[in-house]
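Here are a few notes to go with your first look at this model. Keep the viewer open as you read and follow along point by point.

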Amino acid sequence: MINTRALRDKPTLIGKRVRLVPLGPEHTDAYFAAGLDEEIRRLTGTHHHLTYGEAKEWCRTRERSTDRLDLAIIAADDGRYLGELSLYAVAPENESAGYRIALSALEFTGRGLGREATRMVLEYAFEHVGLHRVWLHVYAFNMRAIAVYRSCGFSVEGRLRDSLLWEGRRHDALLMAVLENGFCGS
Ligand SMILES: CC(C)(COP(=O)(O)OP(=O)(O)OC[C@H]1O[C@@H](n2cnc3c(N)ncnc32)[C@H](O)[C@@H]1OP(=O)(O)O)[C@@H](O)C(=O)NCCC(=O)NCCS
């Protein structure tokens, strides 16, 4: 069985270049702004246009969720908001959860920040929450994300054909997962 307290009591995780902190009301503006970035929207297949009210409500309610973990990714040096990540769809009986991450702008990508954040949250998921399996969906065109996930121990388990329709073109998604004994930490 998993340690549900490790999901309920939101952690702050300290890394070399990023800090992961509970997503909260203070992140509303940055969270909303990230939702406007067209390239991030494409990479995450986000059709929905978030309103400011929705962003505010989402950030306000994250700390009281008991069945998932939503963390903001903060630059360790200057405290800048870099993006957010979640462990969601937690299935306690199966000791499994889904994972998603989105840096908030292209300028933050390709610097090793997403990999560090992913490793940090996976370590927490396996060692503190007690998960056995963490899975995710990634679009097959998102080579940077796939490279990062592979380097953390994720393997491709399947292909979800034509799952995204984006500007008239269909794209496959990959199902990837990492098991606790396959996790590659730092
Ligand atoms: C996906 C994401 C979390 C990755 O984090 P990141 O900090 O940008 O990635 P990193 O800098 O840690 O690593 C990028 C790796 O991808 C590799 N890479 C980049 N472009 C690549 C390409 N076209 N083909 C193959 N590998 C590529 C880099 O070489 C690097 O690997 P290396 O360090 O072993 O050389 C981040 O880019 C992000 O949030 N992007 C926007 C939203 C998104 O795509 N979310 C994921 C949805 S599933």
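1. Is cysteine 184 buried, partly exposed or exposed? In this predicted model, cysteine 184 has a relative accessible area of 33%, so cysteine 184 is partly exposed. Cysteine 59 is another one to look up: its relative accessibility is 0%, so cysteine 59 counts as buried.

2. The structure holds zero of them. For cysteine 184, the closest cysteine sulfur belongs to cysteine 152, and the distance of 7.3 Å is too far for a bond. A disulfide would need the two sulfur atoms within 2.5 Å.

3. Next, please turn to the ligand. The ligand sits in the largest pocket, and there are 22 residues around the ligand. Those that come nearest are Leu103, Gly112, Gly114, Arg115 and Asn142.

4. Which elements supply the shell around the ligand? At least two residues each come from α3 (38-44), β5 (96-103), α5 (113-129), β6 (133-139) and α6 (143-151). With six residues, α6 gives the most.

5. For glycine 114, a polar backbone atom is 2.7 Å from an oxygen atom of the ligand. With asparagine 142 the side chain takes part: one of its N or O atoms is 2.8 Å from a ligand oxygen. On its own the ligand has 950 Å² of accessible area, and the protein covers 69% of that.

6. Two residues deserve a check of their backbone angles. Most residues other than glycine have a negative phi. Alanine 89, in strand β4 (residues 81-91), has a positive phi near 50°. Aspartate 162, which is found in strand β7 (residues 155-166), also has a positive phi, of about 50°. As for accessibility, alanine 89 is at 44% and so counts as partly exposed; aspartate 162, at 44%, likewise counts as partly exposed.

7. Finally, where does asparagine 181 lie? Look in the segment after β8 (169-179). Asparagine 181 has a relative accessible area of 69%, so this residue is exposed. Along the chain, asparagine 181 and glycine 153 are 28 residues apart, while their C-alpha atoms are separated by 9.1 Å.

Note on methods:
Residues are numbered from 1 along each chain as its sequence is written. This is a predicted model: local features need pLDDT of at least 70, side-chain atom pairs count only at pLDDT 80 or more; totals for chains, interfaces and linings use all residues. Side-chain values use heavy atoms; hydrogens and water are left out. Buried means under 20% relative accessible area, exposed over 50%, partly exposed in between (1.4 Å probe, protein chains only). A residue is near a molecule or strand if one of its heavy atoms lies within 4 Å of it. A polar contact is a pair of N or O atoms within 3.5 Å; within protein, one must be able to donate a hydrogen and the other to accept it, and residues adjacent in sequence count only if both atoms are side-chain atoms. Accessible areas come from the Shrake-Rupley method with a 1.4 Å probe; for residues, only the protein chains shown count as cover. On a 1 Å grid over the protein atoms alone, a cavity is a set of points where a 1.4 Å probe fits but cannot get out, and a pocket is an open set with protein on both sides within 12 Å along at least five of seven lines; lining residues have an atom within 4 Å of a point. A molecule sits in a cavity or pocket if more than half of its atoms lie within 2 Å of its grid points. Helices (H or I, at least four residues) and strands (E, at least two) are DSSP runs, numbered from the N terminus.
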